[in-house]
Amino acid sequence: MCGAPAQDTDLPTGTDLARDTVLAGRVLADGEPVGGAFVRLLDSSGEFTAEVVSSASGDFRFFAAPGSWTVRALSRIGNGETSVQAGGPGLHHTEVAVG
Amino acid sequence: MSRQDALVTADWAEENLEAPGVVFVEVDEDTSAYDGGHIPGAVKLDWKSDLQDQVVRDFVDRASFEKLLSEKGISNDDTVVLYGGNNNWFAAYAYWYFKLYGHDKVQLLDGGRKKWELDGRTLTTDETSRQQTSYQAKEPDNSIRAFRQETIDAIGNKNLVDVRSPDEFSGKIIAPAHLPQEQAQRPGHIPGALNVPWSKAANEDGTFRSDDELGTLYGGAGLDGSKSTIAYCRIGERSSHTWFVLHELLGHSDVKNYDGSWTEYGSLVGVPIELGAKS
């Protein structure tokens, strides 16, 4: 499996939030969810780490490591980015506005 | 081989959707992408169910590849234009695979599905029907495929290019950051491997960087152009992307893709493994 699994809000079986660092969130334009956006996870030096496509409800999710991350979204209606601080394992929520 | 031979632009593709002798083929792991809308006239290949043997961990054999392409309506004379999601990872894998079975007229759509979608170009759910052919494949060309012993023997002798992310290379994680962690028994990388993540070869929209930028990228990372090269990742699809860059765009002569990659190497007993970032 190397493709993106379904980006719904339910975490896959086997996810252990005491161990895993999960970054999850939504892509929004004027408060409305944007599906089909290309969501890129960039590390603290701005280097690409991973990319997923947001679900119809605008949701996305990454399994990462603790640290400082940038989440950047590309969509037909525009691009946007936001930073996320993941201090440790657990579920870290964020929102990315595009337009 | 050069960029003009190996790549087509989205503009060219749009103008040649109905050109005789040109077949567009979408390759994804997630076939719901194709079913939800594909380039008009394109046929679908499923990376896992169509291109992988369902019992042995290997490719489908020559006869199965012939049957698959015949059923898809692809003939030996057709120019096959491959595209897909994930920045063309699986399309690049299929490109390498078509070359392995001797199909010379194969090209990648620069930017794949991502650029096509971001440009707002047409996608359709119309079913594609093509007449069955009698496709003839050649014997596999293993001059572009590396196996495990050859990869072990390459330590200290050839360029080994690990195209995974820095955290996978250093051993911090075993799978890409958008997936649950799974697979190889041990983290790390092959000793002496360079770490040039596949993503450095691509622009944000999924298109390939210019030849000058690519030459600087690999030269700067210490790739010795006078030596043979083996590229690997986790399961061989991201390294197909880098194989495509080195062999097809930059024209390096002896470049192989180790499709066993880290899931095989990192599970072998007794082979050398290095941990940590590149010093």
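Chain B of this predicted model is divided into domain 1, covering residues 3–140, and domain 2, covering residues 144–265. Chain A has eight strands and zero helices.

- The C-alpha centres of domain 1 and domain 2 of chain B are 23 Å apart.
- Where these domains touch, domain 1 of chain B contributes 21 residues and domain 2 of chain B contributes 28 residues.

**The nonpolar cores**

- The largest nonpolar core holds 57 residues, and within this core Phe65(B) and Leu82(B) touch the most other members.
- At least two residues of this core come from each of the following elements of chain B: the strands β2 (22–28), β3 (43–46), β4 (79–83) and β5 (106–109), and the helices α4 (62–72), α5 (85–100), α9 (211–220) and α10 (238–249).
- The greatest contribution to this core is that of α5(B), which supplies 11 residues.
- Because domain 1 (3–140) and domain 2 (144–265) of chain B both give residues to this core, it lies between them.
- Beyond its neighbours within four places in sequence, Leu82(B) is in contact with Val25(B), Val27(B), Ala91(B), Ala94(B), Tyr95(B), Phe98(B), Val106(B), Gln107(B), Leu108(B) and Leu109(B).
- Another core, of 20 residues, lies apart from the largest one; among its members are Leu23(A), Val27(A), Val52(A) and Trp69(A).

**Helix α4 of chain B**

- The buried residues in α4(B) are Phe65(B), Glu66(B), Leu68(B), Leu69(B) and Ser70(B).
- These buried residues of α4(B) pack against β3 and α5 of chain B.

**Salt bridges**

- Over all chains, a search of the whole structure finds 29 salt bridges.
- One of them joins the side chains of Asp59(A) and Arg26(A), with an N to O distance of 4.0 Å.
- This pair links distant parts of chain A: Asp59(A) is in strand β5 (residues 59–64), whereas Arg26(A) is in strand β1 (residues 21–29), 33 residues apart.
- Asp59(A) has a relative accessible area of 11% and is therefore buried, whereas Arg26(A), at 31% relative accessibility, counts as partly exposed.
- A salt bridge of 2.6 Å (N to O) is formed by the side chains of Glu51(A) and Lys114(B).
- Asp11(B), Glu14(B), Lys115(B), Asp119(B) and Arg121(B) are joined into one network by salt bridges that share partners.

**Chain A as a whole**

- From the N terminus on, the elements of chain A follow the order β-β-β-β-β-β-β-β.
- The radius of gyration of chain A is 13 Å, which agrees with the value near 13 Å for a compact globule of 99 residues.
- Taken along the principal axes, the box filled by the C-alpha atoms of chain A is roughly 35 × 30 × 25 Å.
- Among the 99 residues of chain A, 53% count as buried.
- Of the contacts in chain A with a separation of 6 or more, 51% are between residues 24 or more positions apart.
- Chain A has an accessible surface of about 4,400 Å², and carbon and sulfur atoms account for 48% of this surface.

**Ile155 of chain B**

- Ile155(B) is located in the loop between α7 (148–153) and β6 (159–162) of chain B.
- With a relative accessible area of 25%, Ile155(B) is partly exposed.
- Ile155(B) and Ala193(B) are 38 residues apart along the chain, and their C-alpha atoms are separated by 8.0 Å.
- Not counting residues up to four places away in sequence, Ile155(B) touches Leu160(B), Ile190(B), Pro191(B), Tyr265(B) and Pro272(B).

Terms used
Residues numbered from 1 in each chain as written. Chains lettered and ligands numbered in written order. Predicted model: local features only at pLDDT ≥ 70, side-chain atom pairs only at ≥ 80, totals over all residues. Heavy atoms only, no water. Core = buried A, V, L, I, M, F, W, Y, C linked by side-chain atoms within 4.5 Å. Buried < 20%, exposed > 50% of the residue type's maximum accessible area, 1.4 Å probe, protein only. Helix = DSSP H or I, 4+ residues; strand = E, 2+ residues; numbered from the N terminus. Domains from an automatic or database assignment. Contact = heavy atoms within 4.5 Å. Rg over C-alpha atoms; globule rule 2.2 N^0.38 Å. Areas by Shrake-Rupley, 256 points an atom, 1.4 Å probe, with all protein chains shown as cover.
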